[in-house]
Amino acid sequence: MFRFFVFIILIYLLYKVIETVGKLKSAKNENYQFKSSATEGEDLVEDPVCHTYVPLSQAFKKEISGNDYYFCSKQCSEKYESGKNK
Ligand SMILES: [Zn+2]
């Protein structure tokens, strides 16, 4: 019976070690992902109207005379166009 008890404790300790290692690994992965996203990040584009930097995926894209322009909002794109036409 005593042996069985020791066996259970060993299994428990082994489980704890695996759990701890697993946590450390996932924490490292999280750090790595955080770092890579912080250094590489998403491309930022500058709004030519209000000079705000907007992530490419959130930017309001407009093609004006063959060129792609990125704005923070539709309002800024309209401002840019009306300013250009004047
Ligand atoms: Zn803007």
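Five bridges join strand S3 to strand S4 (residues 67–71), and the two run antiparallel. Strands pair here if DSSP finds at least two bridges between them. Before we start: this is a predicted model, where local features need pLDDT of at least 70, side-chain atom pairs count only at pLDDT 80 or more, and totals for chains, interfaces and linings use all residues. Residues are numbered from 1 along each chain as its sequence is written.

**Exercise 1.** Work out which residues face each other across S3 and S4, and what sits between the strands.

*Solution.* Take Lys61 to begin with: opposite it in S4 stands Tyr70. Next, go to Glu63, whose bridge partner in S4 is Asp68. Then look at the turn: S3 and S4 form a hairpin with two residues between them.

**Exercise 2.** Is strand S3 (residues 60–64) largely in the open or buried?

*Solution.* Set the cut-offs: a residue is buried if 20 or more other C-beta atoms lie within 10 Å of its own, exposed if 12 or fewer, and partly exposed in between, with C-beta atoms placed from the backbone. Apply them to the five residues of S3: the number buried is zero, so the strand lies largely in the open. For the protein as a whole, buried residues make up 10% of the 86 residues.

**Exercise 3.** Compare the backbone at His51 and Ser65, and say where each residue sits.

*Solution.* Recall the background: most residues other than glycine have a negative phi. His51 is not a glycine, yet has a positive phi of about 55°. Its place is in the loop between strand S1 (44–46) and strand S2 (53–55). Because His51 has 9 C-beta neighbours inside 10 Å, it counts as exposed.

Now for Ser65, also not a glycine: its phi is positive too, at about 45°. Ser65 is found in the loop between S3 and S4. With 6 C-beta neighbours inside 10 Å, Ser65 counts as exposed.

Key. Helices (H or I, at least four residues) and strands (E, at least two) are DSSP runs, numbered from the N terminus.
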